[in-house]
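This report is meant for someone meeting the structure for the first time. It goes from the overall chain to its cores and then to single residues.

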Amino acid sequence: LIPIFGVCSGLVPFIGQNWGADLFGRVNRGRNLGYLSAAVWGVALIGLLHFAAEPIARIFSDDPEVIREIVRYLWIVPIGYATVGILSVTEETLNAIGKPIIAAVQTLVYIFVFYIPLGIFGAKTHAFPGLLWGLTTADVLGGIVGLWLARTMCRRGERACNEGKSK
């Protein structure tokens with residue numbers, strides 16, 4: 001996920017400058033490019049880790065049980081990487097447009113409404129695989145909420161700016 005965090009760092013000044021200049025089309029294109037980067041990187045990691053899971057697991061252990069669990073982890077958890085990237089792009093977008101409280105609330109909702117409860121539920125119902133699927137489901141839900149939130153907040157800001165100019 002480090003490359004996505006790098007993209008996010010570059011998006012903050014780009015989005016902030018364009019937002020301040022009322023260049024909302026550029027804000028949306030920049031944000032969407034961030035989303036696309038997160039999605040491409042996430043899908044690439046799913047493929048890479050699917051094929052490399054067993055060799056990676058063998059680096060850490062010779063025990064077949066440990067290898068099996070590491071492989072399971074590397075096959076399930078990366079499914080949520082793209083949407084965690086989308087969540088990060090959303091957080092940085094919200095920070096750049098002057099909505100840091102909403103970004104913080106999004107993170108708190110992700111952790112306390114999705115991540116922890118779904119992880120606990122998954123672990124209680126299906127042990128370790130359930131934990132992994134619960135966390136991955138939380139990542140996907142967090143990304144979906146992030147997409148909705150960024151688009152909603154950007155549209156509201158753009159509308160408010162346009163209404164102010166028409167007065």
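A contact, as the word is used here, means heavy atoms within 4.5 Å. With that rule, and not counting residues up to four places away in sequence, Leu94 touches Lys99, Pro100, Ile102, Ala103, Gln106, Leu149 and Met153. The model is a predicted one, in which local features need pLDDT of at least 70 and side-chain atom pairs count only at pLDDT 80 or more, while totals for chains, interfaces and linings use all residues. Residues are numbered from 1 along each chain as its sequence is written, and side-chain values use heavy atoms, with hydrogens and water left out.

**The chain as a whole**

Helices (H or I, at least four residues) and strands (E, at least two) are DSSP runs numbered from the N terminus, and by this reading the protein chain has five helices and zero strands. The C-alpha atoms fill a box of roughly 70 × 30 × 15 Å, taken along the principal axes. Among contacts between residues at least 6 apart in sequence, 69% join residues at least 24 apart. A residue is called buried under 20% relative accessible area, exposed over 50%, and partly exposed in between, with a 1.4 Å probe and protein chains only; buried residues make up 38% of the 167 residues in the protein chain.

**Helix α1**

Just after α1, Asp22 takes a positive phi of about 60°.

**Two nonpolar cores**

A nonpolar core is a set of buried Ala, Val, Leu, Ile, Met, Phe, Trp, Tyr and Cys residues joined through side-chain atoms within 4.5 Å. The largest such core has 19 residues, of which Ile15, Trp19, Leu94 and Ile97 touch the most other members. The elements giving two or more residues to this core are α1, α2 (24-60), α4 (81-96) and α5 (100-166). A second, separate core of eleven residues includes Leu45, Val71, Leu74 and Leu132.

**Selected residues**

Gln106 has its place in helix α5, and not counting residues up to four places away in sequence, Gln106 touches Leu87, Thr90, Glu91, Leu94, Gly146 and Leu149. The side chain of Gln106 also reaches the backbone oxygen of Leu87 at 3.4 Å.

A disulfide is counted when a pair of cysteine sulfur atoms lies within 2.5 Å, and by this rule the count comes to zero. Cys8 is in no disulfide, since the nearest cysteine sulfur, that of Cys154, is 14 Å away.

Leu48 lies in helix α2. Leu48 and Val27 are 21 residues apart in sequence and 31 Å apart in space, C-alpha to C-alpha.

The table gives the accessibility of four of these residues.

| Residue | Relative accessible area | Class |
|---|---|---|
| Gln106 | 5% | buried |
| Cys8 | 2% | buried |
| Cys154 | 3% | buried |
| Leu48 | 52% | exposed |

Technical notes:
A polar contact is a pair of N or O atoms within 3.5 Å; within protein, one must be able to donate a hydrogen and the other to accept it, and residues adjacent in sequence count only if both atoms are side-chain atoms.
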